Amino acid sequence: MVTVVAPQIAQLPVDPSLISLAYQHEHPVQAYEFEDTLEVWTVTARIDADVLAEELAAGDADEESLDAVEDVVVGRMSFVRVRMFGPDHPFEAMDAHTGDVAGIGEVVLDVASGEWEPAFEAALAHPVGDLLVMDRVVLEPAWRGLSLGPVLAGAAIRRLSQNCVAVVCEPGSADGRELTADQHREAAVKLGGVWERIGFELFQDGVYVLDCHLQRTEDLLAERQGEFSALCRAWQDRHRP
């Protein structure tokens, strides 16, 4: 169990137990291009203004302060589900989305056939189903440094990975900072270690894979949830009588 020190708890603006995830996916009824093969999901981690106002009202906040309460954005994530048995060539669909997603596709798929790359298929426990790409995970500065990334990403993966064989990602800085090549490699290694905490393992060429059919994945997600519960209790012990 992770130990949360007081200065880290103090940096959090509000109770982390109030965080919720909001999922957004839009598509036209009449599909065009690769809409039937790629599902792009945006996941926002936030604290709803009404929930926060209710929490503050239980304390000593005045009416004016309550009226000024707004949603608190904790972070944002994006995922791309690739339907392997859809009407389109899976790699062509990935290649048409973004360069980052296409780069992952080049590692895990046979580009010509659109089927699993043989080594990737051999690494999977049950290689039948769709592929989920974890494209971006970005936390707001006030919420960094407390291992929330794996908790939030793991919770989103549990909702979005049904009938998927694996979740894949290529760790790297996603917050818009300009990095040198050495800094990029250092960030990739560091973030790879972060994602290993929810079951990702390095496959090849910087791409990490989480096998959806392993019990280890569920066990690690449960451990991260336990750490998050401990973080919430620590915040409440510090800020409430």
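C212 is partly exposed, with 22% relative accessible area. The model is predicted, and a search of the whole structure finds zero disulfides.

**Cysteines**
- The closest cysteine sulfur to that of C212 belongs to C164, at 5.7 Å, which is too far for a bond.
- C164 is buried at 2% relative accessible area, whereas C212 is partly exposed at 22%.

**Aromatic pairs**
- The structure holds two aromatic pairs.
- W116 and F120 make a tilted pair, with 5.3 Å between centres and 50° between planes.
- W116 counts as buried at 10% relative accessibility, and F120 is buried at 0%.
- F120 also pairs with F203, edge-to-face, at 5.5 Å centre to centre and 75° between the planes.
- This second pair links distant parts of the chain: F120 lies in helix α6 (residues 118–123) and F203 in strand β6 (residues 201–204), 83 residues apart.
- Both F120 and F203 are buried.
- Through these ring pairs, W116, F120 and F203 are linked into a cluster.

**Y208**
- Y208 sits in strand β7 (residues 207–211).
- Its relative accessibility is 9%, so Y208 counts as buried.
- Leaving aside residues up to four places away in sequence, Y208 touches residues including V167, V168, C169, P171, G192 and F203.
- The C-alpha atoms of Y208 and E170 are 6.1 Å apart in space, while the two residues are 38 apart in sequence.

Key. Residues numbered from 1 in each chain as written. Predicted model: local features only at pLDDT ≥ 70, side-chain atom pairs only at ≥ 80, totals over all residues. Heavy atoms only, no water. Helix = DSSP H or I, 4+ residues; strand = E, 2+ residues; numbered from the N terminus. Buried < 20%, exposed > 50% of the residue type's maximum accessible area, 1.4 Å probe, protein only. Contact = heavy atoms within 4.5 Å. Disulfide = S-S within 2.5 Å. Phe/Tyr/Trp six-rings, centres within 6.5 Å; stacked < 30°, edge-to-face > 60°.
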